[in-house]
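Here are a few notes from my read-through. Keep the structure open beside you and check each point as you go.

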Amino acid sequence: MLGIRSLVAPDWPKYVPGMLLCLVLAFVAMNIDALLAKYHKQDVGLATFLYQTLQFRYVALLLIGGILLRNTIGVGRVFRPGVSIARPLIKPGIIILGVHYVWADVLKVGGTGLILAIVFIFGTAIAVMALGRRFGVGDGLGGIMGAGTGVCGVSAIIATAPVVNAKPRDIAYAIGTILLFGTLMLFVMPYIGQALDVSQPQFGAWVAVAILNTAQLIAAAEWYGEEARNTAVLINAARIMLIPFIVIFAVWFYGLKSKGQDAPSFWATVREKFPVFILGFFALIVLNSLDLAVFGGPKVTGSPFWAMNTVYKWFFAVGFAGIGLSISIDDMKQAGGAAFLIGSGAATLKMVLGLIVVVLVGTELLRVSGGN
Amino acid sequence: MKLLPGKILLAIDGEPHTEAAVTWALRLAGALQTGVVALHVADPYLEQFADDLYAQGRQAYRDHLQRCLAESAAAAVAAFERKAKESGVACEIKIRDGALIAELLSEVAEGDYALLVLGQRSRTGVRLSLDRKLSDKVAASSPGIAILVVPEGN
């Protein structure tokens, strides 16, 4: 009994209202999605317009609904702790998605994605940090913007800020800018992709290199379609593993000028900044690649992997509800100063160059087969 | 006889644009023979982002923010104390932790203040139309008289 108690956060009741709110929103959105899909198949005009033309899937419903709620009637204090822990539920969803891949996918798509990620992440980080220094931007702001525009947006800013001793105002500017452009791209890129007839795997790779915030890129890819999501999640896995290396690069680039600190060692940084949960994702890829009858597969009805594949969408839905309810226009209004100029330039350039590169790479190198 | 029915509450943050408000509030307090309560709010607003999806090194980030908030409070208080000493006005310093607007308004509601003085940066271009400054919001919500001081030439 004591052992079980030690696993439960002592203040767990404070998370219940917000988590329930996200669950209710997820339930409503998933059912509207299913109803629209059903009536769209029956050629009901309004359903086809909403589902096919406007792409009103559960992702869009949850994000737009959450944003509207947060920025109109607001999210009460009682709901906030639960909403904040709903967002990380995307993580178990990502781990479960490991059953969609085999090692051949990791080598082909992940390998291509890793090259794209390295080029775009380090290309952006080097360019932003070097240009920042050239134009007199402080090391703190230059460091967090280089990391933030290079990889994983806010996550990278969190990892880098203490290392480069960024000032709170610069952090606020940087986070505001990253959230502003991430939100714009999340809603704009799926429509651009459709208008330009970008294939699903290409779209997945495009958002994985262009959208700065991880949760937002996964939402955009899931919105575009299953193949887009599979490619985006795999390339994103390669991308987030680079967070520690971006921090190490920032430490080296700025010669760690933060006061009173010694430069952290290479391995200490890797250990502290490595996203450990991604190992669960790769563990499931290994199991899926072994093709063991006991686990079945995502398409083998009634098998363990099929069951896991069925529930991943619920993790995503609750997480997306949390993301929507967390997107505050006031947070984005913090965007400003040099961070806004750097962020807007880097985000636009990455979006355009990313599109050109994925079009040149082609669909096949980016398509996930998933094995059986 | 007191010329003002309460003290002056002055918000301090150590920013250059607040200096004009500090000077102005101290002069006014001297002229009206009242005291000044300088309030610094340490706003942990940025801590919420430590829960970002893939954030690593969350504790190091939180520690960094705490250190910055403490340094910022110490700098704001030191800058105010220098000016207050020169002015000879009776002053008290308070530090509150929490959301800036909420804490300022709580202090206004809890204390015996006749006037709230805030510094304000000038606004230009896009930000003017997009944003309402914090000081505007506090002034609009304050139950008493609030005065915004914009430095000359700003």
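1. For the 372 residues here, a compact globule would come out near 21 Å, and chain A has 21 Å, so the two agree. Along the principal axes, the C-alpha atoms of chain A fill a box of roughly 60 × 50 × 45 Å.

2. Bear in mind that this is a predicted model. Chain A has an average pLDDT of 83, and 92% of its residues score at least 70.

3. What is chain A built from? You'll find 19 helices and 0 strands in chain A. As for burial, 54% of its 372 residues count as buried.

4. Now look at the surface of chain A. Val24(A), Phe27(A), Val28(A), Ile32(A) and Trp314(A) make up a nonpolar patch there, with about 450 Å² of accessible area together. Helix H2 (residues 16-41) of chain A gives the most to this patch, with 4 residues. Phe27(A) sits in helix H2 of chain A, and Phe27(A) counts as exposed because its relative accessible area is 52%, and the cut-off for exposed is over 50%.

5. Over to chain B. In its helix H3 (residues 100-110), the buried residues include Glu103(B), Leu104(B), Glu107(B) and Val108(B). Seen down the axis of H3(B), the buried residues fall within an arc of 140°, so they line one face of the helix. On the face turned away from that buried side, H3(B) carries the exposed residues Ala109(B) and Glu110(B).

Note on methods. Residues numbered from 1 in each chain as written. Chains lettered and ligands numbered in written order. Predicted model: local features only at pLDDT ≥ 70, side-chain atom pairs only at ≥ 80, totals over all residues. Heavy atoms only, no water. Patch = residues over 30% accessible without salt bridge, like charges linked within 9 Å, V, L, I, M, F, W, Y side chains within 5 Å. Areas by Shrake-Rupley, 256 points an atom, 1.4 Å probe, with all protein chains shown as cover. Salt bridge = Lys/Arg side-chain N within 4 Å of Asp/Glu carboxyl O. Helix = DSSP H or I, 4+ residues; strand = E, 2+ residues; numbered from the N terminus. Buried < 20%, exposed > 50% of the residue type's maximum accessible area, 1.4 Å probe, protein only. pLDDT = per-residue confidence, 0-100. Arc of directions from axis to C-beta. Rg over C-alpha atoms; globule rule 2.2 N^0.38 Å.
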